[in-house]
Structures are given as structure tokens and as C-alpha cells.
Amino acid sequence: RKYMAWNIKGSYYENCSCTNTCPCTWSSMLAPATNDYCRANLAFKISEGSVEGVSMDGVTFVILVDSPPLMADGNWKVGVVVDQNTSDEQMNALGTLMSGEIGGPPAMLKDLIGEMLGMERHPVSIAHDGNNFNVQIGETFDYSATVITNPMTEEPVKLVGMMHPAGDELKVANVHNSTGSIMGIDFGGSNLSGYQTDFSWAA
């Protein structure tokens with residue numbers, strides 16, 4: 001079907017189960033995770049944009065992934081949590097976007113998904129102050145992180161030029177503490193892999 005042009009932009013936050021900088025990012029998914037699985041949550045806090053003619057300003061959503069250690073193998077389980085303040089109209093537009101039908105980064109991922117776990121509403125809060133951020137998803141998932149900086153320049157350490165749904169440049173973060181289980185995807189620990197960046201999606 002013909003679809004309308006769409007765009008969303010805002011801030012992106014990530015935590016995965018790897019004990020070191022997630023290898024799937026710099027290898028474009030060709031190096032395996034540091035565990036015998038990869039579990040991740042990818043949080044998008046939209047500042048402005050519209051999808052299917054619906055304003056998405058202020059919507060926060062989280063993509064939850066449970067995949068084999070080599071993400072390129074596919075067969076991912078994927079669930080989506082949307083903040084409880086999201087309207088039905090916004091949730092439907094997000095569902096269309098996440099299906100990959102209307103292009104953009106979700107279209108790149110759709111062939112890797114083996115099982116969609118659906119979409120659920122939960123309270124999602126993201127607090128970001130300087131280089132520190134905290135993400136809470138529902139009652140059961142919570143993590144705190146700090147963007148790593150170069151001690152000489154105080155500039156954030158970055159991965160650049162790779163293939164990633166949030167963009168080709170990510171600030172590297174240390175996730176001090178992560179604990180949680182939601183939609184059947186659970187992991188946790190300390191000093192896990194994290195990222196933060198601004199994202200802009202359009203098609």
C-alpha cells in the first residue's frame with residue numbers, strides 16, 4: 001500500500017546483557033554477544049514527529065529483544081513497551097511503524113524477527129542529567145548508566161560509522177546496575193553495555 005511520509009526524532013538509550021561494549025554494534029551483527037544469548041532494551045523518547053498523520057510528540061517506547069548470541073542469525077523474539085500515557089491512535093501508528101511496512105530502520109530489522117511478543121502499555125520513565133541516565137520500564141525493569149568520557153577532554157567516548165537502528169554514532173555508556181524482567185525477557189547485572197544518542201528516523 002502507499003504510505004505517507006513520516007518522521008520521528010528524539011533521544012535514544014540502550015542497555016544490553018553483554019558484559020563489555022556490545023560486539024554486535026561495531027561488527028554490524030557479525031560478532032557474537034559476550035554471553036550465550038543477547039537480550040537488550042532499546043528506548044526511544046520522541047521529542048517530535050508524526051507517523052501516519054498522527055502526532056508522536058512526547059511518546060516513549062522500548063523495543064525488547066531476545067536473540068541468539070549472533071544477532072545476524074535472526075530468530076529474534078521482540079516485544080514493544082509503550083508508555084502508559086500513549087493514546088490508542090499513537091499506539092496503532094507505532095504498531096504500523098514497528099511492523100516494518102512503512103520503511104525506515106524497523107524495515108531493516110523485520111527479517112531478523114522470529115516471534116513478535118506484541119505491544120504492552122507500562123509506565124516508562126527516562127531521567128537524563130548530564131552524562132547520567134536512568135531508565136525505568138514498568139515496575140520490573142530498571143537501570144542506571146553513565147556516558148563514558150575521555151578524561152583529558154571530558155568529551156564522550158563514541159562508536160562511529162557503524163550500522164545501528166538508532167544511527168551511525170553512539171555514545172558509549174557503562175550501565176552500573178541493571179535488573180529486570182518484562183514481557184518474558186529478563187537479564188541484569190553490573191557494568192553492562194550501554195549507549196546513548198540522539199536519533200532521527202524518516203521514510
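So, E11 and strand E12 (residues 185–202) run antiparallel, with eleven bridges joining them; strands here are DSSP runs of E, at least two residues, and helices are H or I runs of at least four, numbered from the N terminus. We call two strands paired if DSSP finds at least two bridges between them. Within that pair, Asn-177 sits opposite Ser-190 in E12. The two strands make a hairpin with two residues between them, and Met-183 in the turn has a positive phi of about 55°.

Quick caveat: this is a predicted model, where local features need pLDDT of at least 70, side-chain atom pairs count only at pLDDT 80 or more, and totals for chains, interfaces and linings use all residues. Residues are numbered from 1 along each chain as its sequence is written, and side-chain values use heavy atoms, with hydrogens and water left out.

Okay, what else does E11 pair with? Strand E9 (residues 141–147) is joined to E11 (residues 169–182) by seven bridges, antiparallel, and Tyr-143 has Ser-178 as its bridge partner there. Then strand E10 (residues 158–160) is also antiparallel to E11, through three bridges, one of them pairing Lys-158 with Lys-171.

Zooming out, the chain has three helices and twelve strands. Its C-alpha trace spans about 50 × 35 × 35 Å along the principal axes. As for burial, 47% of the 203 residues count as buried, meaning under 20% relative accessible area with a 1.4 Å probe, protein chains only. And 65% of the contacts with a separation of 6 or more come from residues 24 or more positions apart, a contact being heavy atoms within 4.5 Å.

How values were computed:
Buried < 20%, exposed > 50% of the residue type's maximum accessible area, 1.4 Å probe, protein only.
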